[in-house]
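Here is a short tour of one protein model. Start with the charged pairs, then move to the cores and the pocket.

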Amino acid sequence: MSYPVLFSKEVIQKRVKELGEQISKDFHGEELVVIGVLKGSFIYCADLIRELNLPVHLEFMSVSSYEGTESTGNLRVNLDINVDVAGKNVLLVEDIVDTGLTISSLVESFKKKNPKTLKVSSLLYKPARLEHKVEIDYLAFEIEDHFVIGYGLDFNGRFRELPYVGIYNGEV
Ligand code: IMP
């Protein structure tokens, strides 16, 4: 079974390398705490850190966000990081910014931890669906309003292992 390919393995690899070079340049050899938002970002995160020419401290978080009374929603932390990020350079890594609720809630929560710098990277961004404004400092690709799978992204827990980002067209 194959799905229409949006970004091939080669195209992703080239773009991730470019982003890695840009991030390395911006942080001038300083340590970077990279925080991957599970599960979708695990492959992007693994590839991105191997393109960084910086001392990296890798952490993962698992969160669920839901609309609440605050505009950024509420955040339930299912798996938290094990490091104090006060005074550190932090990079939050997402698979896709869809409505923006997850990443905007995470950014608000991390601002309170007083990092030295706080930046966001996402593999994908769907501007057509955005409801919660968020600055993506390092974005690999902007996409149209498709449901996408592969390279870490799932549909009902499936397809994370595909080496490319494809458009889910309903076939299983
Ligand atoms: P947001 O909080 O609406 O920005 O949603 C972010 C999360 O929804 C992402 O981290 C993904 O896990 C999931 N998601 C949104 N769009 C897609 C998609 O097209 N394919 C797979 N997962 C998606």
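Glu30 is partly exposed, with a relative accessible area of 33%. This is a predicted model, so the values here are computed from it. Glu30 forms a salt bridge with Lys116, and their closest N and O atoms are 2.8 Å apart. Glu30 lies in the loop between α1 and β2, while Lys116 lies in the loop between α3 and β6, so the pair ties together parts that are 86 residues apart in sequence.

**Salt bridges**

The structure holds nine salt bridges. Side chains of opposite charge can pair when their charged atoms come close.

| Pair | Distance (N to O) |
|---|---|
| Arg15 and Glu18 | 2.8 Å |
| Lys17 and Glu21 | 3.3 Å |
| Glu30 and Lys116 | 2.8 Å |

Arg15 and Glu18 sit three residues apart in helix α1, so about one helical turn separates them. Arg15 is partly exposed, at 22% relative accessible area. Glu18 is partly exposed too, at 36%. Lys14 joins Arg15 and Glu18 in a network of salt bridges.

Lys17 and Glu21 also both lie in helix α1. They are four residues apart, about one turn of the helix. Lys17 counts as partly exposed at 41% relative accessibility, and so does Glu21 at 45%.

**Nonpolar cores**

In soluble globular proteins, nonpolar side chains tend to be buried together. The largest nonpolar core here has 26 residues. Within this core, Ile23, Leu123 and Leu124 touch the most other members. Elements giving two or more residues to the core are α1 (9-27), β2 (32-37), α2 (42-49), β5, β6 (117-125) and β7 (138-142). Helix α1 provides the largest share, five residues.

What does Ile23 touch, not counting residues up to four places away in sequence? Its contacts are Leu32, Leu48, Leu52, Leu54, Leu91 and Tyr138.

**The largest pocket**

The largest pocket has a volume of about 590 Å³. It is lined by 23 residues, and Glu94, Asp95, Ile96, Thr102 and Asp154 are the closest to its centre. β3 (56-66), β5 (89-97) and α3 (101-111) each supply at least two lining residues. Strand β5 gives the most, with four. The lining divides into 10 nonpolar, six polar and seven charged residues.

Methods: Residues numbered from 1 in each chain as written. Predicted model: local features only at pLDDT ≥ 70, side-chain atom pairs only at ≥ 80, totals over all residues. Heavy atoms only, no water. 1 Å grid on protein atoms, 1.4 Å probe; cavity = no way out; pocket = protein on both sides within 12 Å on 5 of 7 lines; lining within 4 Å. Points joined across faces, edges and corners; volume = space filled by probe spheres on them. Nonpolar A, V, L, I, M, F, W, Y, C, P; charged D, E, K, R; others polar. Core = buried A, V, L, I, M, F, W, Y, C linked by side-chain atoms within 4.5 Å. Buried < 20%, exposed > 50% of the residue type's maximum accessible area, 1.4 Å probe, protein only. Contact = heavy atoms within 4.5 Å. Salt bridge = Lys/Arg side-chain N within 4 Å of Asp/Glu carboxyl O.
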